[in-house]
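Student: Could we go through this model together? I would like to raise topics as they occur to me.

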Amino acid sequence: MKIHTELSSLNALSPLDGRYASRVDSLRPYFSEAAFMAHRTEVEVAWLIALSEAGLPELAAFSQTAKDQLHQIVIDFSEADVARIKEIEKTTNHDVKAVEYFLKEKVQTNPELTKAAEFIHFACTSEDINNTSHALMLTRAVETVILPTLRQLLTQLQNKAHEYARQPLLSRTHGQPATPTTMGKEFANIAARLHRAIEAIEVVKPLAKLNGATGNFNAHLSAYPNVDWQALARKVITGFGLTQNVYTIQIEPHDWMAELFDAIARANTIILDMDRDIWGYVSLGFFKQKLKEGEVGSSTMPHKVNPIDFENSEGNLGVANALLNHLSAKLPISRFQRDLTDSTVLRNLGVALGYSVVAWEASLKGLSKLQLNSEVIDADIDACWEILAEPVQTVMRRYGLPQPYEQLKALTRGKGIEQETLRAFISELDLPFEAKDRLLAMTPRSYLGLAVQLAKNVGK
């Protein structure tokens, strides 16, 4: 077999660059190699401009023209720029140094900036640029892709909760018939959980540092001992919408990243739980799925309409959480003041989030195809009168009747009963008329507690 090795969607090693490539295009501006270079360039430019405004004797404040030229480098950053940086890196064998040399080349046409060229990357360690870039990449991806997609999923769940609020559903605890709920209430449960998970993502505070090789501004102070370097670094960091971390080693310790990945993994776990439950409801016939012309459910069984979207979501959520959990556990750990194990792991940010996005999109697609099959759901709950043993024995307890639990256990445990059998039992009970009448009027479909109200209220 001969396989062409030039990269394409058909020979990519990762399905994120192959089968699922179009589903994760929204993440490429934040987590591709080119995006990393673009963000590094943005941070280097911001640091240089801040230095020019710091009153350093050897670095005059830039003119507006010079600032505009620097900003334009960031705005116009292109694939040609990426190619040039990679070409420089062949010599430097250092990706951040390649960005520095690239910027020095870009300012050669401006005498004002050429004179200031040695202040590009001044007193910085590579990790100053990288950690700030990673913080920007993550926060921008969270704001533009992660949270909007999760909120879209949340909205779908809330809509399902409201739509199915009144549809009675026979619960199954331990897989056995249990106290009824409504289909809407089950969607409301998921929506409420996902809402909390989204809030946990929203409150994570992104941190960054620009404090030198081991976090103490050593090089900075050796050159300019009278500059308030901590304040200058804070100005740049907060200008990006980030929070300064004052206490670091060579790397920003990544604890905030671990918080973020844990929060996203928690959302993924909730969605995975939903995928499995809906899969089960489809298998029970409680949901039908909208058909798509030309689509095949099985290569040999023509009748099948498989819940493939929820299966796809479940599988990809597993991969995503394996990566997110590794990122969370590994990134906050560094030997002494620095080792390089975090660097290669951080290159997988887009992979972990990519599998998450693929999974969320699959769940959204699956939810959009669901069609409630009320007839099957109603038949399931109508055939299970034994679940009313719970309210009967509870009312018996209220009025002090002897051994209520034991009597209902003997009547119902491990065996189905008919409506007439239960009504006959209730009729013989020594209960006030109002209580007995209420029990006699009760059906499995009406024994819903606050389920309808709770389903209608979710998201409001």
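Student: Is F336 buried or exposed?
Tutor: F336 is exposed, because its relative accessible area is 75%. The cut-offs are under 20% relative accessible area for buried and over 50% for exposed, with partly exposed in between, using a 1.4 Å probe and protein chains only. Please note that this is a predicted model, in which local features need pLDDT of at least 70 and side-chain atom pairs count only at pLDDT 80 or more, while totals for chains, interfaces and linings use all residues. Residues are numbered from 1 along each chain as its sequence is written, and side-chain values use heavy atoms, with hydrogens and water left out.

Student: Where does F336 lie?
Tutor: F336 lies in the loop between α12 (308-330) and α13 (341-346). Helices (H or I, at least four residues) and strands (E, at least two) are DSSP runs, numbered from the N terminus.

Student: What is the phi of F336?
Tutor: F336 has a positive phi of about 50°, although it is not a glycine. Most residues other than glycine have a negative phi.

Student: And what about F217, what is its phi?
Tutor: F217, which is not a glycine, has a positive phi of about 60°. F217 is in the loop between β3 (207-208) and α9 (218-223).

Student: Is F217 buried or exposed?
Tutor: F217 counts as buried because its relative accessible area is 8%.

Student: Changing topic: which domains does the assignment give?
Tutor: The protein chain is assigned domain 1 (32-122), domain 2 (127-290 + 304-374) and domain 3 (385-457). These bounds come from an automatic or database domain assignment.

Student: How far apart are domain 1 and domain 3?
Tutor: Their C-alpha centres lie 76 Å apart.

Student: How many residues has the largest nonpolar core?
Tutor: The largest nonpolar core has 110 residues, and W47 and F187 have the most contacts inside it. At least three residues of this core come from each of domain 1 (32-122) and domain 2 (127-290 + 304-374). Apart from it lies another core, of 20 residues, among them W385, V395, L429 and M442. A nonpolar core is a set of buried Ala, Val, Leu, Ile, Met, Phe, Trp, Tyr and Cys residues joined through side-chain atoms within 4.5 Å.

Student: What does F187 contact?
Tutor: Leaving aside neighbours within four places in sequence, F187 is in contact with L157, K160, A161, Y164, I278, F287, L367 and L370. Contact means heavy atoms within 4.5 Å.

Student: W47 interests me too. Which aromatic cluster includes W47?
Tutor: W47, F119, F122, Y224 and W229 form one aromatic cluster.

Student: How many aromatic pairs are there in the whole structure?
Tutor: A search of the whole structure finds ten aromatic pairs. One of them is F119 with F122, a tilted pair at 5.0 Å centre to centre with 35° between the planes. Rings of Phe, Tyr and Trp (its six-membered ring) pair if their centres lie within 6.5 Å; planes under 30 degrees apart count as stacked, over 60 as edge-to-face and the rest as tilted. Both F119 and F122 are buried.

Student: What does L48 touch?
Tutor: Not counting residues up to four places away in sequence, L48 touches F62, L70, A116, F119 and I120. L48 and F119 are 71 residues apart in sequence, yet their C-alpha atoms are 6.5 Å apart in space. L48 is in helix α2 (residues 33-52), and L48 counts as buried because its relative accessibility is 5%.

Student: Last topic: how many bridges join β1 to β2?
Tutor: Five bridges join β1 (residues 168-173) to β2 (residues 176-182), and the two strands run antiparallel. Two strands pair if DSSP finds at least two bridges between them. In β2, T182 is the bridge partner of P168, and P177 stands opposite R172.

Student: What lies between β1 and β2?
Tutor: The two strands form a hairpin with two residues between them, and H174 in the turn has a positive phi of about 60°.
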